[in-house]
Amino acid sequence: MDVPLWLALLVVGYLGVKLIRPPWWLIAVLLLGGYLLADSVFAPLIDSTVK
């Protein structure tokens, strides 16, 4: 069964928020930081690490 990455991340994120209950500012910082890192000079390094 092939599950799209966005769906898997959505489910894991939802369960993490429901079970761990982190503060909303931490979630916003992580999302914004990931978005900014994806468009930075570190993007190729992160991409090669993930694959």
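View 1. A8 is partly exposed, with a relative accessible area of 32%, where buried means under 20% relative accessible area, exposed means over 50% and partly exposed lies in between, for a 1.4 Å probe and protein chains only. This residue, A8, lies in helix α1, helices being DSSP runs of H or I with at least four residues and strands runs of E with at least two, numbered from the N terminus. The C-alpha atoms of A8 and P23 are 22 Å from each other, while 15 residues separate the two along the chain. The model is predicted, so local features need pLDDT of at least 70 and side-chain atom pairs count only at pLDDT 80 or more, whereas totals for chains, interfaces and linings use all residues. Residues are numbered from 1 along each chain as its sequence is written, and side-chain values use heavy atoms, with hydrogens and water left out.

**View 2. Confidence along the chain.** The protein has a mean pLDDT of 90, and 100% of its residues reach 70 or more; pLDDT is the predictor's confidence in each residue, from 0 to 100. Helix α1 (residues 5–20) has the highest confidence, at a mean of 92, and helix α3 (residues 43–50) the lowest, at 84.

**View 3. The nonpolar surface patch.** M1, V3, W6, L7, L10, V11, Y14, L15, L19 and I20 together form a nonpolar patch on the surface, with about 1,200 Å² of accessible area. Patches are made of residues with over 30% relative accessible area and no salt bridge, with like charges joined within 9 Å and nonpolar side chains (Val, Leu, Ile, Met, Phe, Trp, Tyr) within 5 Å; a salt bridge is a side-chain nitrogen of Lys or Arg within 4 Å of a carboxyl oxygen of Asp or Glu. Accessible areas come from the Shrake-Rupley method with a 1.4 Å probe, and for residues only the protein chains shown count as cover.

View 4. W6, which sits in helix α1, is exposed at a relative accessible area of 59%. I20 is also found in helix α1 and is exposed, with a relative accessible area of 65%; I20 and W6 are 14 residues apart in sequence and 21 Å apart in space, C-alpha to C-alpha. L7, in helix α1, is partly exposed at 32% relative accessible area, and its C-alpha atom is separated by 21 Å from that of L37, 30 residues away along the chain.

**View 5. The largest pocket.** The largest pocket holds about 270 Å³ of space and is lined by L5, L9, L10, V12, G13, Y14, L30, L31 and G34. Helices α1 and α2 (24–38) are the elements that give two or more residues to this lining, and α1 supplies the largest share, six residues. On a 1 Å grid over the protein atoms alone, a pocket is an open set of points with protein on both sides within 12 Å along at least five of seven lines, and lining residues have an atom within 4 Å of a point.

**View 6. R21 and A38.** R21 lies in the loop between α1 and α2, has a positive phi of about 60° although it is not a glycine, and counts as exposed at 59% relative accessibility. A38, placed in helix α2, is exposed with a relative accessible area of 56%; A38 and L26 are twelve residues apart in sequence and 18 Å apart in space, C-alpha to C-alpha.

Key:
1 Å grid on protein atoms, 1.4 Å probe; cavity = no way out; pocket = protein on both sides within 12 Å on 5 of 7 lines; lining within 4 Å. Points joined across faces, edges and corners; volume = space filled by probe spheres on them.
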